[in-house]
Amino acid sequence: MVANNSPYPTHTPKCVMITGATGGFGQAFARRFAALGCTLILHGRNEEKLNSLVRDLGIKAHTVIFDLCDKAQTNQAMDIIAHDFPQIDLLINNAGGALGLDKFQDAAEDDFENMIEMNNTSLLRITRKILPNMVTNKSGHIMNIGSMAGNWPYPSGNVYCAVKAFVHQFSLALRSDLVGTNVRVTNIEPGIAETSFSMARFKGDEDKAKAVYAGTTALTAEDIAETAIWAACLPEHVNVNTIEVMPTQQSFSALHIERYG
Ligand code: 8X3
């Protein structure tokens, strides 16, 4: 972790792969892990954005471009990464997101299929390619970026809540498979965070996206990067299973009860 006066031991990952690196969380992770001196492998879909992030970081980083929803592209790119970087210490499965905020009875089929593909199927594919090396190395950390939506349903969250619940349970179950390998698994579950998340959810509708964050203090990408750094830099014998983080201004609502008349 960043130098401080704590006598507590820390562990610094040397090589970190971040998916969805050009998004809000991804950029914040890239900045913080670059500042720790880590070698970065940054995934994105947009080459120009990825190159501009690398220029901003001012470090040499390996970039990998593929569409998460494309099985062949993903597998081909990840085979190369697994071969060229046999010692990835930390994989941050950050790519994903929400598409639409409609009642399921009105939701677009493409949206829910893409959400499952982006948040679940691709996470499995990418993890499956990187994990065998970690197991062989007896060292590594899979860090998934879930959501509090995986724990707490909300109206019109339907498929987004479900895909993040998948990430939550998959992360825990993966820990069971990895016992004895020294490989760690963490799921970070943010609440409302002001990033490009809502622009993507509302497909570029700026007014709708801004309204999500109006009149409150949401989490920032930096808040989540701080939790990621904390969990990653704990000594290797410490595994943080799940971190759920909400802004102080967000809380729970009462269950809805339909009243007649
Ligand atoms: C995003 C959290 O509250 O916007 O993963 O659904 S929320």
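Trainee: Which residues of helix 5 are buried?

Mentor: A residue is called buried at under 20% relative accessible area, exposed at over 50% and partly exposed in between, with a 1.4 Å probe and protein chains only. Helices are DSSP runs of H or I with at least four residues, strands are E runs of at least two, and both are numbered from the N terminus. In helix 5 the buried residues are Val 159, Tyr 160, Cys 161, Val 163, Lys 164, Val 167, His 168, Ser 171 and Leu 174. This is a predicted model, in which local features need pLDDT of at least 70 and side-chain atom pairs count only at pLDDT 80 or more, while totals for chains, interfaces and linings use all residues. Residues are numbered from 1 along each chain as its sequence is written, and side-chain values use heavy atoms, leaving out hydrogens and water.

Trainee: What covers the buried residues of helix 5?

Mentor: The cover includes helix 4 (109–137), strand 5 (140–145), strand 6 (183–190), helix 6 (197–201) and strand 7 (242–245).

Trainee: Which residues of helix 1 are buried?

Mentor: They are Phe 25, Gly 26, Ala 28, Phe 29, Ala 30, Phe 33 and Ala 34. Just after helix 1, Gly 37 has a positive phi of about 85°.

Trainee: Which polar side chains lie by an oxygen atom of the ligand, as with Tyr 160?

Mentor: A polar contact is a pair of N or O atoms within 3.5 Å. A polar side-chain atom of Tyr 160 is 2.6 Å from a ligand oxygen atom. For the side chain of Ser 147, the distance from an N or O atom to an oxygen atom of the ligand is 2.7 Å.

Conventions: A polar contact is a pair of N or O atoms within 3.5 Å; within protein, one must be able to donate a hydrogen and the other to accept it, and residues adjacent in sequence count only if both atoms are side-chain atoms. Contact means heavy atoms within 4.5 Å.
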